[in-house]
Amino acid sequence: MTTPPDPLAMLRSKNYLVLLVLAAIIGVPVSAAAYFFLALVSKLQGWIFTSLPKGLGFHAEPLWWPILPLLLAGVLVSLTLRYLPGTGGHSPADGFKAGGSPPTGIELPGIVLAAFATLCLGVVLGPEAPLIAIGAGLGALAVRLVKRDAPAQVQSVMAAAGSFAAISTLLGSPLTGAFLLMEASGLGGAMMQLVLVPGLLAAGVGSLIFIGLDAWTGLGTFSLAIPGLPHVGGPTGAGFLWALAIGLLAVPVGSAIRWLGLFLRPHVERRILVLTPAVGLAVAGLAIIFAAATGKGSSEVLFSGQSALGPLISNSASYTVGALLLLIACKGLAYGVSLSSFRGGPTFPALFVGAAGGIALSHLPGLPLIDGVAMGVGAMSVVMLRLPLTSVLLASLLLASDGVAVMPLVIVAVVVAYVASARFTPTPAATPETPPPTTEAPRTPTTEAPTTEAPRSPTTEAPRTAEPARPGEPNR
């Protein structure tokens with residue numbers, strides 16, 4: 001038996017100090033790359049859906065306009081997944097993932113291209129998963145450039161540090177990024193600090209890129225907090241009852257979205273070059289249906305919903321209950337089919353759908369608007385991400401200073417949704433036990449003449465009747 005490594009001994013070692021220095025160095029370029037990645041995505045989204053239609057002579061975006069970029073997104077992503085190494089990163093239908101082997105240098109171009117095509121052209125996914133993969137790949141690549149024969153453990157720690165720095169740029173805080181990745185990767189025990197400290201250092205030093213230093217003005221920060229929201233009061237008894245109800249209501253909605261993505265994914269993967277563009281057209285069709293029925297913009301359905309979340313809450317009075325229900329249906333369906341085919345993150349569409357559901361329910365007695373939004377965001381997030389602590393944190397961050405006041409309600413909604421979704425999740429099929437080795441003595445060779453029948457090929461043998469398959473859980 002080998003004894004596990006002593007975390008304190010590793011913490012006192014010179015190699016760990018070198019690791020921290022390397023993490024601090026890596027944090028700056030990774031944070032800068034993440035910032036410009038997000039900024040470029042935002043610029044391209046505005047150009048494709050606003051500036052380009054006006055440049056072509058339209059007064060505004062035509063109703064049919066989403067067809068063109070979504071079809072292009074399907075073509076680009078399908079070609080990337082088919083012909084470039086790395087399959088563009090992991091499938092978002094499997095949920096939020098962190099950890100694992102970092103992408104290699106040859107896989108990074110495919111991840112970046114698939115992410116740009118997905119995010120810029122209107123697919124209903126977020127940027128967090130590509131950022132984590134890009135940060136991890138750059139961190140591991142930096143280690144290999146410094147020392148080709150670096151141990152795999154060092155490469156993993158630096159990949160985690162790169163992920164921390166990249167995701168912190170999106171969330172606007174190194175602590176938030178560390179918290180999210182800690183829960184998502186399942187880190188625990190005494191070794192957790194050894195991985196978190198380099199990641200926190202990389203994210204903290206990298207945050208100077210967008211915060212600034214002395215007289216140097218930073219590039220600006222991305223923040224989840226929604227400004228200008230009405231003040232909320234303290235929790236009420238009716239609010240706790242609504243927390244139970246919203247937690248339960250989020251389970252069938254989120255489970256249906258995930259089921260749709262998992263159901264479609266194997267069919268799309270078999271004919272990826274044909275069906276991925278078809279999925280893009282389906283997303284465009286859902287956006288057109290919502291825009292034609294409500295007079296709202298197609299961007300309400302398209303994209304991740306990160307930038308549309310604030311206007312949705314601030315302008316909630318302009319939405320009828322019917323428009324909100326149609327928005328939830330169209331956004332949810334577009335979210336589900338996007339999970340099956342494209343590359344991106346599942347977080348922000350879940351936040352948007354949950355917020356829209358909370359706004360719709362706030363028309364009923366006893367549920368203030370902001371409380372409904374917070375509980376809807378937390379409950380839908382935990383159903384889709386399976387990260388209860390992170391779901392509470394995200395809902396609280398969205399409401400800034402009022403997040404503390406609604407946190408008890410959010411916690412109740414998140415716990416109810418988390419437990420209920422776990423109970424309704426199919427259990428994996430049991431693995432058949434391996435039969436014990438037989439103790440039968442070897443047979444004595446016989447002297448019978450060999451038969452003249454030719455051996456049957458597996459491809460020509462008559463098919464046997466298959467036993468019914470056991471129910472199992474689909475993949476993320």
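This note sets out, in numbered points, the main features of a predicted model of a protein.

1. Basis of the note. The model is predicted, so local features need pLDDT of at least 70 and side-chain atom pairs count only at pLDDT 80 or more, while totals for chains, interfaces and linings use all residues. Residues are numbered from 1 along each chain as its sequence is written, and side-chain values use heavy atoms, with hydrogens and water left out.

2. Overall content. The secondary structure comes to 17 helices and 2 strands. Helices (H or I, at least four residues) and strands (E, at least two) are DSSP runs, numbered from the N terminus. The protein has 476 residues, of which 48% count as buried. Buried means under 20% relative accessible area, exposed means over 50%, and partly exposed lies in between (1.4 Å probe, protein chains only). Among contacts between residues at least 6 apart in sequence, 79% join residues at least 24 apart; a contact means heavy atoms within 4.5 Å.

3. The salt bridge. The structure holds 1 salt bridge, a term for a side-chain nitrogen of Lys or Arg within 4 Å of a carboxyl oxygen of Asp or Glu. Arg-265 forms this bridge with Asp-94, and their closest N and O atoms are 3.0 Å apart. The pair links distant parts of the chain, 171 residues apart: Arg-265 belongs to helix H10 (residues 237-270), whereas Asp-94 lies in the loop between helix H3 (67-83) and helix H4 (108-120). Arg-265 is buried, with a relative accessible area of 7%, and Asp-94 is buried at 18%. Side chains of opposite charge can pair when their charged atoms come close.

4. The loop residue Pro-102. Pro-102 is also found in the loop between H3 and H4. Its C-alpha atom is separated by 8.5 Å from that of Ala-160, although the two residues are 58 residues apart along the chain. Not counting residues up to four places away in sequence, Pro-102 touches Ala-136, Ala-140 and Ala-159.

5. Helix H4. This helix has 13 residues and reaches 18 Å from its first C-alpha to its last, close to the 18 Å expected at 1.5 Å a residue. The expected span of a helix is 1.5 Å times one less than its number of residues. The buried residues of H4 include Leu-108, Ile-111, Ala-114 and Leu-119, and the buried residues of this helix pack against helix H2 (14-55), H3 and helix H5 (128-146). After H4 comes Gly-122, with a positive phi near 100°.

6. Helix H6. Helix H6 (residues 152-171) has 20 residues and reaches 28 Å between its first and last C-alpha, close to the expected 28 Å. The helix is mostly covered, as 16 of its 20 residues are buried. Just after H6, Gly-172 takes a positive phi of about 80°.

7. Helices H11 and H13. Two packed helices are described by the angle between their axes and the distance between the axes. The axes of helix H11 (residues 272-294) and H13 come within 9 Å and cross at roughly 170°; axes are lines fitted to C-alpha atoms, for helices over the stretch in contact, and angles run from 0 to 180 degrees between N-to-C directions. H11 is therefore roughly antiparallel to H13, a description used for angles over 145 degrees, while angles under 35 count as roughly parallel, 65 to 115 as roughly perpendicular and the rest as oblique. Residues making the contact include Val-283 and Phe-290 of H11 and Leu-333 and Ser-338 of H13. The residues of this contact divide into 12 nonpolar, 5 polar and no charged. Ala, Val, Leu, Ile, Met, Phe, Trp, Tyr, Cys and Pro count as nonpolar, Asp, Glu, Lys and Arg as charged, and the others, Gly among them, as polar.

8. Ser-338 within H13. Ser-338 is found in helix H13 (residues 321-341), a helix in which 15 of the 21 residues are buried. Ser-338 is itself buried, with a relative accessible area of 0%. Leaving aside neighbours within four places in sequence, Ser-338 is in contact with Val-123, Val-124, Leu-125 and Val-283.

9. Phe-303 has a positive phi near 65° and is not a glycine. Phe-303 sits in the loop between H11 and helix H12 (309-314) and is buried, with a relative accessible area of 14%. Arg-386 likewise has a positive phi, of about 60°; Arg-386 lies in the loop between helix H15 (369-385) and helix H16 (388-398) and is partly exposed, at 32%.
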